Amino acid sequence: VHFLIWFRLVRVKGFTIVMTEKKANGQHTKVGVLGGTFDPVHMGHLAIAEEARARVGMDQVIFLPAGQPWMKKDIPVSPTEHRLNMLKLAISGKPYLKVSTAELEHEGSSYAVETIAGIRQELGAGAELFFIMGWDSLAVLPLWREPERLIGMCRIVVVPRPGYPAPDVKALDAVIPGLSRRVLMLDKLEVDISATEIRERVRRGLPISHLVPEAVEWYIREHGLYLGD
């Protein structure tokens, strides 16, 4: 069976994404979005992106480093330059993984609904969006800005978070109507790595080679990051 594939290059802040529209079978490009401070990016982040991509059939996953998350206003984060550079090193050689600077370029607090709306507009109707988050984030989704609008623009892919109970999707559905129909729960994927632990290990002079990609470890050592945490 032969079908035509139409290619369209779309510029999203920080990178160019290749959109494909399969005219014969109506399939759209599936794009995942994984947000976080990535301070630093670690093996757990990469495992989540790879697993979500494989199990949902995503064409690409966008890493979305946060500028100043509204829920973490009082928590200091490393300079944008370092977090962005480490992300680029971590995904090097994997063309299906991208980094967007949309939230880094946003002045003031950033909100997922606004960022997703921007990405949605940039990609157009040829893309199906999936927002990847942990159990802990889904549990507090009712506290986010315009959660109903958010789930209308993308589906939510949820991964387990060690130390947190599985969220009650039925109860959440009563607060955010229609949520249960927009959620994909990925079980059997528990990644027990935290950026906090990595920063502490660096400060104490302990090895982190099993927790971050080699290039990221080199960058941390080369720039003396986290020594004063």
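Visitor: What are the ground rules here?
Guide: Residues are numbered from 1 along each chain as its sequence is written, and side-chain values use heavy atoms, without hydrogens and water. In this predicted model, local features need pLDDT of at least 70 and side-chain atom pairs count only at pLDDT 80 or more, while totals for chains, interfaces and linings use all residues.

Visitor: How many helices and strands does the protein chain have, and what makes a run count?
Guide: The chain has 8 helices and 8 strands. They are DSSP runs: helices are H or I with at least four residues, strands are E with at least two, and numbering starts at the N terminus.

Visitor: What share of the residues counts as buried, and what makes a residue buried?
Guide: Of the 229 residues, 47% are buried. Buried means under 20% relative accessible area, exposed means over 50%, and partly exposed lies in between (1.4 Å probe, protein chains only).

Visitor: Which contacts join residues at least 24 apart?
Guide: Take contacts between residues at least 6 apart in sequence; 72% of them join residues at least 24 apart. Contact means heavy atoms within 4.5 Å.

Visitor: Why are α2 and α8 called roughly antiparallel?
Guide: Two packed helices are described by the angle between their axes and the distance between the axes. Here the axes of α2 (residues 80-90) and α8 (residues 214-223) come within 8 Å and cross at roughly 150 degrees. Axes are lines fitted to C-alpha atoms, for helices over the stretch in contact, with angles from 0 to 180 degrees between N-to-C directions. Under 35 degrees counts as roughly parallel, over 145 as roughly antiparallel, 65 to 115 as roughly perpendicular, and the rest as oblique. So α2 and α8 are roughly antiparallel.

Visitor: Is the crossing of α2 and α8 left-handed or right-handed?
Guide: The crossing is right-handed. That term applies if the near helix is turned clockwise from the far one by less than a right angle; anticlockwise gives left-handed.

Visitor: Which residues meet between α2 and α8?
Guide: From α2 come Glu81, His82, Asn85, Met86, Leu89 and Ala90; from α8 come Ala215, Val216, Tyr219, Ile220 and His223. They divide into 7 nonpolar, 3 polar and 1 charged. Ala, Val, Leu, Ile, Met, Phe, Trp, Tyr, Cys and Pro count as nonpolar, Asp, Glu, Lys and Arg as charged, and the others, Gly among them, as polar.

Visitor: How many aromatic pairs are there, and what makes a pair?
Guide: The structure holds 3. Rings of Phe, Tyr and Trp (its six-membered ring) pair if their centres lie within 6.5 Å; planes under 30 degrees apart are stacked, over 60 edge-to-face, and the rest tilted. One of the pairs joins phenylalanine 38 and phenylalanine 63, edge-to-face at 5.5 Å centre to centre and 65 degrees between the planes. Phenylalanine 38 sits in the loop between β3 (29-36) and α1 (43-56), and phenylalanine 63 in strand β4 (residues 60-65), 25 residues apart. Both phenylalanine 38 and phenylalanine 63 are buried.

Visitor: Why is the pair of phenylalanine 131 and tryptophan 144 edge-to-face?
Guide: The ring centres of phenylalanine 131 and tryptophan 144 are 6.1 Å apart and the planes meet at 65 degrees, so the pair is edge-to-face. Phenylalanine 131 is in strand β6 (residues 127-134), and tryptophan 144 in the loop between α4 (135-139) and α5 (147-153). Phenylalanine 131 has 7% relative accessible area, so it is buried. Tryptophan 144, at 16%, also counts as buried.

Visitor: Why does histidine 45 count as buried?
Guide: Its relative accessibility is 16%, so histidine 45 counts as buried. Histidine 45 lies in helix α1. Leaving aside neighbours within four places in sequence, histidine 45 contacts Leu34, Phe38, Pro40 and Phe63. Proline 40 is in the loop between β3 and α1. The peptide bond from aspartate 39 to proline 40 is cis, with omega near 5 degrees.

Visitor: Why is glutamate 146 called partly exposed?
Guide: Glutamate 146 has a relative accessible area of 38%, so it is partly exposed. Glutamate 146 has a positive phi of about 45 degrees although it is not a glycine. Tyrosine 226, in the segment after α8, has a positive phi of about 70 degrees. At 5% relative accessibility, tyrosine 226 is buried.
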